[in-house]
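Please guide me through the reading of this model, one feature at a time.

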Amino acid sequence: MQLSFAPMEGITSCYFRETHAACFPGVDRYFAPFLAPDGSGRCKEGAWRDLRPENNPGGLPVPQILSNKAEAFLSVARELAAMGYTEVDLNAGCPSATVVPKHKGAGMLLDLRSLDDFLADIFSRCPLRISVKTRLGIESSAEFPAILDIYRRYPLAELIIHARDKVGMYRSRPDLAAFREAFSACPFSVCYNGSVVDNASYEAVLSTVPALDRIMLGRGAAADPALFRELRGGAPLEKEELRDFLARYAAVLESTGIGEHYTLGRLKELWFYVGALFPNDGHGLKRMRKAQTLQDYRAAVDSLFAGPGFRFGAHFDG
């Protein structure tokens, strides 16, 4: 089974990927948070920094682009090719309310003719192999056969299917039946994504689609960084190795010189998920979220780990 770490904005930066790979080896592929170019194909410097080969000594991640403009997409793809990348992923799945109305992310599924035109243009000129990360539809997975008819016209390197519609966001139950039908109809490699958070949910996907050989983990792996190991038959996460991982990640962030405010922000974003492992310590989590300095943050974390709140086997159900 090929296991990938999903692109998660604010989480899976090069600093996180470096730390996670050192502490919890076994991820086959990391996907970098999306690049969001403007109409001219320009991206923020921080996004490029995340992808530079010198900042990814353990191996290049798969970059992702959030754009509905072919020229902007191709401009970024050419830059990536010059940096040594061989594949890029198109984000056609982000359900955010700030993205969809712009017909980006899952919003690309609102107009299938425009989606078809966009894909025709980028596939005819892109120097990289192109994969697509998609939702099953906007309001219903019943929309996916028509969407898949579009995808089938192009030589996708891979189709990553988040098995929910846009309306379901991250709350609804993944539609495994719809995913199974899509899997059987695809002429290219298919990767499953959606609420694989423990062995039970992993086995539920495999029992539905026994031939599946690719799964992407996101929110569940952000909450439990040892999840990849556990799904491969290894030991579950231990309290002290989680503590060590968080301390290493904080140290890596600090070492970049990017500032205390930024470092705190990244750590707190991760704790949005890791906090699921401390379901009985709401007071400690609130103290951590309110920390204004790294000193206060570390004191809050020490308190959390000193208490009885850590629960083995807890997970982020998302």
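Q: What is the strand order of the open sheet, and how are its strands paired?

A: This is a predicted model. Its open sheet has eight strands in the order E2-E1-E8-E7-E6-E5-E4-E3, with parallel pairing. At the edges stand strand E2 (29-30) and strand E3 (64-65), each of which pairs on one side only.

Q: Is strand E5 largely enclosed or open to the outside?

A: A residue is taken as buried when its relative accessible area is under 20%. In strand E5 (residues 129-135), six of the seven residues are buried, so the rest of the structure largely encloses this strand.

Q: How many bridges join E5 to strand E4, and how many join E5 to strand E6?

A: Strand E4 (residues 87-92) runs parallel to E5 and is joined to it by six bridges. One of the bridge pairs is asparagine 91 with lysine 133 of E5. Strand E6 (residues 158-162) also runs parallel to E5, with five bridges between them. Here threonine 134 stands opposite isoleucine 161 in E6, and arginine 135 has histidine 162 of E6 as its bridge partner.

Q: Which helix carries the chain from E4 to E5, and which helix belongs to the unit of E5 and E6?

A: To assign the hand, one views the strands pointing away and follows the path from the first strand over the helix to the second; a clockwise path is right-handed. From E4 the chain passes through helix H4 (residues 112-125) to reach E5, a right-handed β-α-β crossover. A right-handed β-α-β unit is likewise made by E5, helix H5 (residues 144-151) and E6.

Q: Which strands does strand E1 pair with?

A: Strand E1 (residues 2-5) is joined by four bridges to strand E8 (residues 214-217), and the two run parallel. Within this pairing, leucine 3 stands opposite isoleucine 215 of E8. E1 also runs parallel to E2, through two bridges, and phenylalanine 5 has tyrosine 30 of E2 as its bridge partner.

Q: Which residues other than glycine have a positive phi here, and where do they lie?

A: Most residues other than glycine have a negative phi. Methionine 169 has a positive phi, near 50°, and lies in the loop between E6 and helix H6 (176-185). Its relative accessibility is 23%, so methionine 169 counts as partly exposed. Serine 195 also has a positive phi, of about 60°; this residue is found in the loop between strand E7 (190-193) and helix H7 (199-208).

Q: How are helices H11 and H13 oriented to each other, and which residues meet?

A: An angle under 35 degrees between axes counts as roughly parallel. The axes of helix H11 (residues 260-274) and helix H13 (residues 294-306) cross at roughly 25° and come within 10 Å; the two helices are therefore roughly parallel. From H11, Glu260, Thr263, Leu264, Leu267 and Trp271 meet Leu294, Tyr297, Val301, Leu304 and Phe305 of H13. Of the residues in this contact, eight are nonpolar, one is polar and one is charged.

Notes:
Residues are numbered from 1 along each chain as its sequence is written. This is a predicted model: local features need pLDDT of at least 70, side-chain atom pairs count only at pLDDT 80 or more; totals for chains, interfaces and linings use all residues. Side-chain values use heavy atoms; hydrogens and water are left out. Axes are lines fitted to C-alpha atoms, for helices over the stretch in contact, and angles run from 0 to 180 degrees between N-to-C directions. Angles under 35 degrees count as roughly parallel, over 145 as roughly antiparallel, 65 to 115 as roughly perpendicular and the rest as oblique. Contact means heavy atoms within 4.5 Å. Ala, Val, Leu, Ile, Met, Phe, Trp, Tyr, Cys and Pro count as nonpolar, Asp, Glu, Lys and Arg as charged, and the others, Gly among them, as polar. Buried means under 20% relative accessible area, exposed over 50%, partly exposed in between (1.4 Å probe, protein chains only). Two strands pair if DSSP finds at least two bridges between them.
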